[in-house]
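Biologist: Please take a close look with me at the second chain in this entry. I'd like to start with the whole chain, then go into its parts, and end with its partner.

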Amino acid sequence: MPHVERPATAEACAEALRACADLRHTVRVRGGGTKDGLGTRRETDVVLETAGLDGIVDHVPEDLTVTVRAGMSFAALRDALAAHGQFLPLDPPHVARGATVGGIIAANSNGFGRYRYGGVRDLVLGVRAALPDGAVARAGGRVVKNVAGYDLNKLFIGSLGTLGVVVEATFKILPVPPTARAASATFATPGDAFAVAGALLRTSLRPTALVVERTADGRWRLVIAAAGEAAPVERAMAELRRAAAARGTAVEAIDEPEAALDPLREIVDLADGGVVVRAVLPLSAQAAFAEAATGVDRGARVVADAASGIAHVQLRDEAGIVVAADGLLAGARILGGSARIERAAVAGLDPFGGPEPSGAFLMRRLKAAFDPTGILEPARSALG
Amino acid sequence: MTAAPAIARAGLRGAELAGALRDLLGPEKVLWAREDLLLYEYDGAVDTATPDAVVLPNETADVAKLARFCAEHAVPLVPRGAGTGLSGGAIPVEGGVVISFARMSRILELDVPNLRAVVQPGLVNLHLSTAAAPHGLYFVPDPSSQKACTLGGNVAENSGGPHTLAYGVTTNHVTGLELVLSDGTVVRLGGKALEYDGYDLVGTFVGSEGTLGIVTEITVKLTPLPEDKRTLMAAFPTMDDASNTVSAIIGAGIVPSAIEMMDQLSTQAVEASVGAGYPLDAGGILLVEVDGVRDGLDDLLERIETICRASHAQELRVATTALERDKLWAGRKGAFAAMGRLASDYYVQDGVIPRTKLPQVLRHIIAVGERYGLRIANVFHAGDGNLHPLIMFDGSKGPAELERVREAGREILEMCIAVGGSITGEHGVGMEKNCYMPLQYSPIDMAVMRRVKEAFDPLGLMNPGKVFPTPGRCKEFSINAAR
């Protein structure tokens, strides 16, 4: 059983990391534990829990910024901001299960609002990180524009805890929009669904979600959500009706947009007995990728954030599932994107399969500079 | 104005270097004559230094060959776009080779279905939006110098512009890069998809001011042009009224595509030069633009007008035609140039503050101006809290005058830091503010940045003397570094 550390301050966190580095003890970083399935599972000597680093440090409603400790749950932050009529415009998965701010940053965990509001990398203004040498470093700041020095926020976001432990972050936030609506239209082919999505994207509608989902009966359902003032939101709904009608399809109104989008976000977790592949693709490659997914598994579930080119495929056919998943990883690369295994209930899969990312030699140099003894998150990332 | 002292480094220099480069790349790609080099010793800021040679590459392979040669002979490399930078980023302060991207200025691909463009670093910012316009698309970051500045320079500085309030700065619009590292290695990072496995090196590189590597190709997002826009000019009796209006608009949940502010000194200079139609008696004016689908834009504009009136606006004018809108914007975009009517030289600062601190910090700037006996005009991105105080002076009075101006600038930046802000929002640190970095970052923070520098450029030949404090020039800040 790994030893559990639960530091109560940033400094204690850095001190714990330094002690681990001295002893060459490997460390896994854990917030809500909702990203445990990412990467290769390997037991570490120490599990460093961020639960002790909780709460809002500073919230200036008038400046639309909030600074929070990394162990705070996203749900708690959401509720605290809602009391001021504001929100952090991220809609990542796992929120109901306890996803923390730090885990969302470390895993660069985004939702469907990314096209409209930006993702983690666009909304984080600054971070503080505890490093294996015992230091606590600050990157960025608390203002919405800042180009002083290197943008180290970007380095920590998505680094899966392999460089240091994010202990605090400052975000841009927004007032809650007055109106939110959603609607869907269902098409026979992925080509049709993605074509309509693409056409809606080429407007200034700026939807808060544009999702293509493969339905249980093998059809392709496009969901559009919009938020803001009533008139532009209504226009977005009208544009979907127009585009659907042009292809002989009717539109269904969705009464509760959040309730409809939630299960689509949580496809990430639906790997009981299957495999979830996550692909990031050039926008125009999504339809081909969706075809490929149903080609390798006729029962595949597909949920694509069509506005950002991020597709999740759940393979369910146990026969040949390893070959099918590897095929999809390769397919994403051939289409100009990248892919990884997000969740797997079967053995024998390399989560990142295939060649190393371009620039891996630079990433290794950075890893060696930040974590010279290699204690942080072994086997967690694409770098192994 | 002032030429920074050359720092002696071992390595090939002068005529010997220029001769070797001619042999390496061919004489048509190298400038070495004294009169040619003079054109490359300044940028948009106040420092100057002369390169040993200028190289004009035609392709990535030229850059890689040059970098390998310079690595072997310990020669610094300084990339340069159009030289419009405002922090001395393109100044070869330690000598060496300036790489001009004037011949690598093409759009390689307009990929409309993927909403991407692949471009060479020497491409002029505005040319990209012009080429994308027939497809209903544009490139969002729009620095005031966009008619001249290049995408390579935008990537190096992480440039902003008036319309980045709602849509983000350069780093929010770059998905792929091709780089040449200081040892001549060519590496591709990212691509047309939104993200790739491993660390976000694209995001880490953007804004690194040429100190990590040389950009030779850029993949950027293109954005659908707004269906419609509304542009409002609001004049207020005081800057406080204008400042409070900015916070009130944002606080009401409205995120305009731009909110720009100008003080009276600026509007007077602009009126004399451009004739944008700004009222001369206003203490401060705002330009507010909202865009998007046509539906609801007029309602939104009305709400903004109501907020302006509640904050004592003395005059509101809505641009009703594209021509009128262009005229209002011409005043803003031509504001820096118009300062030439007020003084022979100006020094522009770029501090950022939390929006709510605008009234307090603007008053401080006025006080600094009075204390130093310097006229300071303010033209800036109010919605972002990104100040641009323009300190006017007469460069012919010599280096002591410039030193006084720098001191006034430093006091303004210290105030920005004191209220929780940044020393630069979009112009970069360069060699202009590298001594001030310890005001904003602790020695630990700086040491972590150094790790990144050494991972990318272990030879230390990429744009030396920038971003990080240099012992020779930054002595007076060694005390602050202990902060």
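Modeller: Happy to, and one term comes first: two residues are in contact if their C-beta atoms, placed from the backbone, lie within 7 Å. This is a predicted model, in which local features need pLDDT of at least 70 and side-chain atom pairs count only at pLDDT 80 or more, while totals for chains, interfaces and linings use all residues. Residues are numbered from 1 along each chain as its sequence is written, and chains are lettered from A and ligands numbered from 1 in the order in which they are written.

Let's begin with chain B as a whole. Among its contacts between residues at least 6 apart in sequence, 73% link residues at least 24 apart. Its C-alpha atoms fill a box of roughly 65 × 55 × 45 Å along the principal axes. The radius of gyration is taken over C-alpha atoms, and the rule for a globule is 2.2 Å times the number of residues to the power 0.38. For 483 residues a compact globule would come out near 23 Å, so the 22 Å of chain B agrees with that. A residue is called buried if 20 or more other C-beta atoms lie within 10 Å of its own, exposed if 12 or fewer, and partly exposed in between, with C-beta atoms placed from the backbone. By that count, 57% of the 483 residues in chain B are buried.

Helices (H or I, at least four residues) and strands (E, at least two) are DSSP runs, numbered from the N terminus. Chain B has 16 helices and 20 strands. Its domain bounds come from an automatic or database domain assignment: domain 1 (2-100), domain 2 (107-224), domain 3 (228-336), domain 4 (343-427) and domain 5 (433-483).

Next, a sheet. Two strands pair if DSSP finds at least two bridges between them. In chain B, 4 strands in the order S2-S4-S6-S5 make an open sheet with mixed pairing. Its edges are strand S2 (30-31) and S5 of chain B, each of which pairs on one side only. S5(B) runs parallel to strand S6 (residues 97-100) of chain B, and 4 bridges join the two. Within S6(B), Ser100(B) is the residue opposite Arg80(B).

S5(B) also turns up where two domains meet. Domain 1 of chain B puts 11 residues in contact with 9 residues of domain 5 of chain B. On the domain 1 side, helix H3 (60-72) and strand S5 (77-80) of chain B are the elements that give two or more residues. Counting Ala, Val, Leu, Ile, Met, Phe, Trp, Tyr, Cys and Pro as nonpolar, Asp, Glu, Lys and Arg as charged, and the others, Gly among them, as polar, that side of domain 1 of chain B has 8 nonpolar, 2 polar and 1 charged.

Strand S7 (residues 107-111) and strand S8 (residues 116-119) of chain B run antiparallel, joined by 4 bridges. Asp111(B) has Arg116(B) in S8(B) as its bridge partner. There are 4 residues between the two strands of this hairpin, in which Leu115(B) takes a positive phi near 55 degrees. Helix H4 (residues 125-132) of chain B has Asn125(B), Leu128(B), Ser129(B) and Ala132(B) as its buried residues. These fall within an arc of 95 degrees seen down the axis of H4(B), so they line one face of the helix; the arc is that of the directions from the helix axis to the C-beta atoms. The cover over them includes S7, S8, strand S9 (137-138) and helix H5 (151-157) of chain B.

Last comes the partner. Where the chains touch, 74 residues come from chain B and 66 residues from chain A. On the chain B side, strand S11 (186-190) and helices H7 (201-205), H8 (239-251), H10 (297-310), H15 (437-440) and H16 (443-456) each supply at least two residues. H16(B) gives the most to that side, with 9 residues. By type, the side of chain B that touches chain A divides into 30 nonpolar, 29 polar and 15 charged residues.
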